[in-house]
Amino acid sequence: MIRIGAVSYLNTKPLIETLPAQLRASGLDASLHLDLPSRLAADLAAGKLDVALIPSIEYFRHSHDDYQIVSDAVIACRGPVWSVRLLSRVPTNQIGSLALDEGSRTSAAMVQILLDEMHGIRPATVPFPIGADVNDLEADAVLMIGDRAMHPAQGIYQEIWDLGDRWCRWTELPFVFAMWVARRSASLPDPLLERLADVLNRARDDAEDHFESIAAREAGGQGLTKEDVHRYFAENLHFKLGPRERAGLDAFGRKAADLGITASPIAEPLDPRVSFDAGNQSMIAPPKPTSIGDILDRAVGGQRLTPDEGLALLESHDLAAIGRAADEVSRRLHPEPYRTYNIDRNINYTNVCTAVCKFCALYRGPRSDEGYVLPREVLLQKVQETVDLGGNQILLQGGLHPKYKLDWYEEMLRDIKERFPEVNIHGFSPPEIHHFTKVNRLPLGEVLSRLKEAGLGSLPGGGAEILVDRVRREITRGKVLTDDWLNVMRVWHELGGVSSATMMFGHVETLAERIEHLERLRAVQDETGGFTAFICWTFQPDNTDMADTPALGSFEYLKMLAVSRLYLDNIPHLQSSWVTQGMKIGQLALTFGANDMGSLMLEENVVAEAGTVHFLTLQQIRESIEELDFEPRQRDVFYELVDEQLEAKAIAANGDQDAKKLVQLGAAT
């Protein structure tokens, strides 16, 4: 009989869901035993098991003459994994002591490798026992896996790493957490191992057809939505040992050996007296969320919300309570007696775009007779009009034009800065930047450095929509995916630049995917600190290929805004979206977490093309702020107040302007 061992964690379900049935159908004489990963590794080493799904670090701790990988069915990742995190109370380059979750030796090895490679540090390690309270630890940082990673104990952490994401970006290789391993000394004949490998692979291959049923079964007991679990399987995990996974596995083994990690256990083994209920274990099973009131109290008190808590708020209908909490947080972050706005102009230098976005009413294909590229003199005239009205910034965005090389954009920036050195160019969204790298076949860092040298001042957060690849693939084609969008921002921040972050919601995304969007932004901000502001707005469906999508109302907008303020504890400013919501809701947003009214928006084409047109004069914006007993102040992209002379000039220049004429809709050509 072949003695097989596996775990029953949630991340393992796709590998073992149909395994018993596959074993029976194969006619193999085999038994399946479920236990904790560390015990499986110990039992395999002691000869109590013939084949086991073991942590990858345990594979490297034994002679390859005796251990062999018998199947290409593995548990791996190519990006974020949710359930393996480093939480540090100090900057990660200053970690002196590290508490290691005893539930995973592989993740413990991974975090030590990353700290050594990225910062050249080797912190002293202490165990973080299962069942222990993180608040009882005195370590600078703690590795958490499973439940504790998804729902860290209350506390303020200066940096939080998703280790899957960190490994994949640092090494540019996937990470393999566990694989099926056999002992050669078990003397299983090769034909038998080949039959077993076929069964293990077939169970893995059948998994995708069972994602939905597993998610439906597991979600309720885990405190997750069905969509959460399905997405975890489909997007966060990867189950095949391909060439890149093998390269990642080899790199992990080499790095672990260099640090001496494979020579001895990472932490003390689990107490054998600890009971194990295989049916109730989960790698990401969070506890049931506490009450909405408790969650809001935590946020108001300065505690970081977990993804599950953020989702609970979005699922709640207690808009008043959520809004009050967001307002308290906003006032704590911004106790100053004023609220801000800016004056800029959204100049779409071209509407020609190779991407196909179902939600966009502005773009035209490269062969369309309705495509345009603004003549340079027209563009400069638009900047002049902005300056004349007291503006100090332009928002410069366009489609993904297939023709122009980087020097064309550099020349455009230089022409603007030479004529208007005082104007900040808030330009080129991440999809455009990513497009530039492809058209010019240049590294991202070089593209951004050249644009910055030519006069680019800051990056807008356009093209984010929802930062989840499932959503992006459904609503767009030929456009940057999540990791590359975030990496544009990350590299720009590393160059010393600042940017905004955005969200367009209310189309095909789930509530959980909105939270994932916020989580990805929060993680990058933890790392770089380069986002100055966050702006969210509802999808405007008219005149788009998604015109049959029901439009969300102000209730959902205000709730999303408020939850964003509570969740994004490290992004300082939130803007109101009066452009999509109108004056009254735009004003109300200042009591639901926003501290900025956004732009006077001297020109806007994208939202307007979708049929949503709201007009405000500068005086109306200022009065909206004054009615809430705040002083209205004009600011720049860094959220610094402009000098009083410029503000007075803007007030005088805009005094007799008509709102509809001011917002020069359709003025692109």
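Guide: The expected span of a helix is 1.5 Å times one less than its number of residues, and helices (H or I, at least four residues) and strands (E, at least two) are DSSP runs numbered from the N terminus. The model above is predicted, with local features needing pLDDT of at least 70 and side-chain atom pairs counting only at pLDDT 80 or more, while totals for chains, interfaces and linings use all residues. Residues are numbered from 1 along each chain as its sequence is written, and side-chain values use heavy atoms, with hydrogens and water left out.

Visitor: What makes the end C-alpha distance of helix α8 agree with its number of residues?

Guide: Helix α8 runs over residues 190-205, so its 16 residues, at 1.5 Å a residue, should span 22 Å, and its end C-alpha atoms do lie 22 Å apart. Within α8, the buried residues are L193, L196, A197, V199, L200, N201, A203 and R204.

Visitor: Why is R231 called buried?

Guide: Buried means under 20% relative accessible area, exposed over 50% and partly exposed in between, with a 1.4 Å probe and protein chains only; R231 has 4% relative accessibility and therefore counts as buried. R231 sits in helix α10, residues 226-236, and, leaving aside neighbours within four places in sequence, R231 is in contact (heavy atoms within 4.5 Å) with W82, N236, V468, T510, A512, E513 and E516. Across the protein chain of 669 residues, 62% count as buried.

Visitor: Why are α17 and α20 called roughly perpendicular?

Guide: Axes are lines fitted to C-alpha atoms, for helices over the stretch in contact, with angles from 0 to 180 degrees between N-to-C directions. Helix α17 (residues 430-440) and helix α20 (residues 482-494) pack at about 90°, their axes 9 Å apart. Angles of 65 to 115 degrees count as roughly perpendicular, under 35 as roughly parallel, over 145 as roughly antiparallel and the rest as oblique, and α17 and α20 are therefore roughly perpendicular. Their contact is made by P430, P431, I433 and H434 of α17 with D484, W485, V488 and M489 of α20.

Visitor: What makes a set of residues a nonpolar core, and which residues have the most contacts inside the largest one?

Guide: A nonpolar core is a set of buried Ala, Val, Leu, Ile, Met, Phe, Trp, Tyr and Cys residues joined through side-chain atoms within 4.5 Å. The largest has 101 residues, with L396, F428, I433, L451, F534 and L566 having the most contacts inside it. Its largest share, 8 residues, comes from helix α22, residues 554-567. Not counting residues up to four places away in sequence, L566 touches L296, A299, L305, L313, I322, A325, A326 and V329. A second, separate core of 83 residues includes L19, V74, F252 and A256.
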